[in-house]
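These are my notebook entries on a structure I looked up.

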Amino acid sequence: MKQRLLPTLILTLLSLHVNAQQRQTLSTGYPITPVPFTSVKVTDGFWGQRLQASREVTVPLAFSKCEETGRYKNFENAAAHLKDPSKVFDIKEGTFSFDDTDPYKTIEGASYLLQTYPDKRLRHYIDSVIDIIGAAQEPDGYLYTARTQNPQHPHPWSGDRRWEKEEDLSHELYNLGHMVESAIAHYQATGSRKFLDIAIRYADCVCREVGPNAGQACVVPGHQIAEMALAKLYIVTGDKRYLDEAKFLLDYRGKTTIVHEYSQAHRPVIEQDEAVGHAVRAAYMYAGMADVAALTGDSAYIRAIDRIWNNIVSKKLYITGGIGATNQGEAFGRNYQLPNMTSYCETCAAIGNVYVNHRLFLLHGEAKYYDVLERTLYNGLISGVSLDGGNFFYPNPLASKGQHLRQPWFGCACCPSNICRFIPSLPGYVYAVRDANVYVNLFLANQGEVQVGGRRVRLSQQTAYPWQGDITITIDENRAGAFALKVRIPGWARNQVVPSDLYRFSDDHQQDYQVAVRAKDGSICQQATTQLTDDGYLTITHRWKRGDRVELHLDMQPRTVRANDRVRDDEGRICVQRGPLIYCAEQPIQQGEGDDPLANDFNITRVLINQHPTFALGQGTIADTPITTLTTDAQVLGFDAQGRLTATDVRLLLIPYYAWCHRGRSTMQVWLRQDLPN
Ligand code: FUB
Ligand code: ZN
């Protein structure tokens, strides 16, 4: 008995060892290491509610939509064709060449959830979807159902041959990118290589067939993401071919057949200095450039993304943190072209903007990147999903006459499935470490565990942010000795709206913050040194003991903001910001009128804000979720019976922008008129 068991035991131990080794990844190359979301347990109402909605509603909904809308069927059809080539399937009208990415992105989000909330049924379900996906893979690794279902008559965007229309609309490499991102997340969550091996086979096929050498298709992605994904695959597998391929995809952009701004192929990437073209494509490319730069040390990439970041932040960023001004090409507009009603601000672009700013922080270690990230996160990104997690915006406008309404899904479902994968990953944006420095970048109630010099530090935050500005950061365990806590003091708390002159506070309030470092017994820690360093962080160096805490108070006075005069659409207008939140005025059209305590009962487009507005805080709930409201004196313009102008005093109620449009269609404005026309 013993003799028979022993070899099995040895084999099992060996495979466990190999598995552990395989799961060890290479360094990302970034000087700063983010603390993974698996090490940060969110205990906070604000984000706790969002994470719960993601788990209970968004991800299950997306899986059911993938089923209902034939996303899985595409894989099944492709598999049927591979088994019996006489079987071909008509590509349905209204489908997209990237529909495969919706299951991939949903699996990615679900895999993140699995790491925090183990769930056998979910894991089983994901497994069954991966089986369906794997069966659609061609023998040489190619996996693209838009062609494999019907190679003679593929999707009209796919082209007659592989890669032929990649730079246009086939999205073969975009599909690869999302598959790889998802497969890595699944592997990291489960330890199973099932999906990873499928993705590796497709990546290997791409490395063989796409490149600069004779016999290869010399094309770059029509829609970027493969760059980031292949860089990550290199980190996970150690196989340098993937990094080389990612670099090829970047370096040949602007040097192949299609040369246009839409996909940022108008110039070689290192020569670019302005954000142009399709905003999601652009953001994913900048993120990919940062990843490859971190791994290769290519400083030309970094110089280019620094220039482009400056262009965005000083000329193309909405006050909500959204990017992409126009629906023509879902693209960045011209400098200072930031229309409100027609603003595109695609939810995917907001997610892309978070990716870019996160990576620039990891490269440069400056708080200003998180200032932009936080603005996007709390405003133009979460506005993309309803509070209950079940409805989505694709564009996120800054004004509406009632033409906008969140939907449970779209024919082109990129935004809902991107929300699926982003929200569960949020806890991974809170902390980061560099040497003996622990960065505290976001404020939310949580318990985190970080490694400082390979030694464990446990810390937690107690806060009701973004509603209140009191944040306590407690050291719950410290095996690392002395280290610096680098606490981000948000730009808005230092009277800077954004790190540029695109927006400025227009009131004369001076926002402030206070900090105290205390020991467990409440006494001030005299030995702690505290300094606001040039990187925008409050750097507190101390030999931390268990129970020591940083008490930070950020002044949360509501502020009025003006845009740079060159933004014509915001001329004569202000918007209101409190903490990281942008507020808006809303008037529901169908529901709630009259009896809705959070509804203005007058035409908000005719409102004139007081020249010196003051704001009163109130409490309310939208979709059963608590919010802090603001009210202010204003006047509504109209005409009397004689046709003369009237100005009627009103109390204007403002709600957080992300919470608008939860009570049916509504009129909404972020930028409110304060001046008379010039
Ligand atoms: O092309 C794939 C996705 O569809 C893009 O990222 C979105 O903007 C939408 O066009
Ligand atoms: Zn989208």
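**Helix H9**

I first looked up the cover of helix H9, and found that ten of its twelve residues are buried; buried means under 20% relative accessible area, exposed over 50% and partly exposed in between, with a 1.4 Å probe and protein chains only. The buried residues are Ala226, Glu227, Met228, Ala229, Leu230, Ala231, Leu233, Tyr234, Ile235 and Val236. Helices here are DSSP runs of H or I with at least four residues, strands are runs of E with at least two, and both are numbered from the N terminus.

I then checked the length of H9, residues 226–237. The expected span is 1.5 Å times one less than the number of residues. For H9 this gives 16 Å, and the end C-alpha atoms are 16 Å apart, so the two agree. Gly238 follows H9 and has a positive phi, near 80 degrees.

**Basis of the values**

I note that the model is predicted: local features need pLDDT of at least 70, side-chain atom pairs count only at pLDDT 80 or more, and totals for chains, interfaces and linings use all residues. Residues are numbered from 1 along each chain as its sequence is written, chains are lettered from A and ligands numbered from 1 in the order in which they are written, and side-chain values use heavy atoms, with hydrogens and water left out.

**Salt bridges**

I counted as a salt bridge a side-chain nitrogen of Lys or Arg within 4 Å of a carboxyl oxygen of Asp or Glu. The structure holds 41 of them.

In helix H10 (residues 240–251), Asp244 and Lys240 are four residues apart, about one turn of the helix. Their side chains form a salt bridge at 3.0 Å, N to O. Asp244 is partly exposed because its relative accessibility is 39%, and Lys240 is partly exposed at 46%.

Asp596 and Arg663 form another salt bridge, at 2.9 Å, N to O. This pair links distant parts of the chain, 67 residues apart: Asp596 is in the loop between strands S17 (581–588) and S18 (607–609), and Arg663 in the loop between strands S21 (645–656) and S22 (666–669). Asp596 is buried at 14% relative accessible area, and Arg663 is buried at 11%.

I also recorded the salt bridge between Asp640 and Arg644, at 3.2 Å, N to O. Asp640 is partly exposed at 24%, whereas Arg644 is exposed at 52%. Salt bridges with shared partners join Glu108, Glu181, Lys232 and Arg421 into one network.

**Zinc ion (ligand 2)**

Which residues coordinate the zinc ion? I found Glu346 (OE), Cys348 (SG), Cys414 (SG) and Cys415 (SG), at 2.1 to 2.4 Å. Donors are N, O and S atoms within 2.8 Å of the metal (3.2 Å for Na, K and Ca); water is not among the atoms, so sites may look incomplete.

The four donor atoms subtend angles of 96 to 114 degrees, and the arrangement is therefore tetrahedral; four donors count as such if all angles lie between 85 and 135 degrees. Glu346 lies in the loop between helices H12 (299–316) and H13 (347–364), and Cys415 in helix H15 (residues 414–422), 69 residues apart. Glu346 is buried at 4% relative accessible area, as is Cys415 at 1%.

**Ligand 1**

The residues surrounding ligand 1 include Phe98, Tyr174, His223, Glu346 and Cys414, where a residue counts if one of its heavy atoms lies within 4 Å. A polar side-chain atom of His171 is 2.7 Å from an oxygen atom of ligand 1.

Technical notes:
Four donors count as tetrahedral if all angles lie between 85 and 135 degrees; four count as square planar and six as octahedral if opposite donors are over 155 degrees apart and all others between 65 and 115; anything else is irregular. A polar contact is a pair of N or O atoms within 3.5 Å; within protein, one must be able to donate a hydrogen and the other to accept it, and residues adjacent in sequence count only if both atoms are side-chain atoms.
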